[in-house]
Amino acid sequence: MAMNGSSSPRVDNQGYATLSSPREETQAPSAGGGHHRSGSSPSVDSPVDRAGLLSRLLFLWITPLINLGQKRGLVGDDLFPIGRQDAAERLCRDLERQWKRQLLHEKPSLLRACAHLIGRNYITVTGTMHSISMVIGFTSPFLLGKVIEYFSGYGTRRDAYLYTMGFVGLSVVRAGLLHLGIFVAQREVGMHLRVALTSLIHKKVLQLSHSSLLKITTGHIVNLVSTDVQRLDELAPWLSAGLVGIVASILAVALVWNQVGVSCLSGFGLVILNLLFQFISASLMAKYRDEQRN
């Protein structure tokens, strides 16, 4: 039983499910100056694709949509199309290509396929921002120390003003721009992983035969998408923080050693013990969870 004007799903030659509707064939401006676009080309005219670094950090690309929302209520046709980098079809195709390469190895790994999918973008963007943030983090105490020295009778007022402006400026850049940029970049990586894996699972289910579908329960598929894929999404923001944290800890110990000597190892030792405790606790929780599932 079909309804007039309703959307109907179709599966293309590559196994991707899309929606076809009469609205895809037409493109008309919506009332009030909306941004109605065809659904057949989701990666065209996306402001995210044209946005520069500053526009992405400050979310300036979304300003036209906010201005439109102040004039009238927003509707679905006003929303911007999905950017090229976020398109599910592209992410699924790239992950599938990486997985086929893994199948050529003796022990294929889905984690390695995901790492190759996001590796270059993840390392370049988050690695660069984390490095700059780490340099600022070590420079700010030095500038603050110079300001304190001025009140102790060392240096000139001009130097104190310069050190103060440098300290405040670096703090604003680190807290206002770098942390926001790192957060957005990490969340985008997690989203790309989730979308790619979910799309690949969906494509595989559409290609299964009827006999194979009888061996798979709906709950198993839902568990893959809602639990296993979600874990990778939650893990992505912490990977770069863990790697940068190791480098930052070594540099911090070296700098503190220069100031207070061997006494700094007591605090560093407590950090190591805390990390070991957290690792053992997480391992035991994962073991108990697996036992409960079985």
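Arg97 counts as partly exposed in this predicted model, because its relative accessibility is 37%, and its side chain meets that of Asp94 in a salt bridge with an N to O distance of 3.0 Å. Asp94, by contrast, counts as buried because its relative accessibility is 16%.

**Salt bridges**
- The structure holds 6 salt bridges, and Arg90, Asp94 and Arg97 are linked in a network of them.
- Lys203 forms a salt bridge with Glu96, with their closest N and O atoms 2.6 Å apart; because Lys203 lies in helix α6 and Glu96 in helix α4, this pair ties together parts that are 107 residues apart in sequence.
- Lys203 is buried, with a relative accessible area of 6%, and Glu96 also counts as buried, at 18% relative accessibility.
- In helix α5, Glu149 and Lys146 are 3 residues apart, about one helical turn, and their side chains meet in a salt bridge at 3.8 Å, N to O.

**Nonpolar cores**
- The largest nonpolar core has 16 residues, of which Leu95, Cys114 and Leu197 touch the most other members, while α4, α5, α6 and α8 each supply at least two of its residues.
- Leaving aside residues up to four places away in sequence, Cys114 touches Leu95, Leu193, Leu197 and Leu232.
- Another core, of 5 residues, lies apart from the largest one, and its members include Leu57, Met129, Ile136 and Leu178.

**Surface patch**
- Leu270, Val271, Ile272, Leu273, Leu275 and Leu276 form a nonpolar patch on the surface, with about 570 Å² of accessible area together.
- Leu270 is found in helix α9 and counts as exposed because its relative accessibility is 58%.

Note on methods:
Residues numbered from 1 in each chain as written. Predicted model: local features only at pLDDT ≥ 70, side-chain atom pairs only at ≥ 80, totals over all residues. Heavy atoms only, no water. Patch = residues over 30% accessible without salt bridge, like charges linked within 9 Å, V, L, I, M, F, W, Y side chains within 5 Å. Areas by Shrake-Rupley, 256 points an atom, 1.4 Å probe, with all protein chains shown as cover. Salt bridge = Lys/Arg side-chain N within 4 Å of Asp/Glu carboxyl O. Helix = DSSP H or I, 4+ residues; strand = E, 2+ residues; numbered from the N terminus. Buried < 20%, exposed > 50% of the residue type's maximum accessible area, 1.4 Å probe, protein only. Core = buried A, V, L, I, M, F, W, Y, C linked by side-chain atoms within 4.5 Å. Contact = heavy atoms within 4.5 Å.
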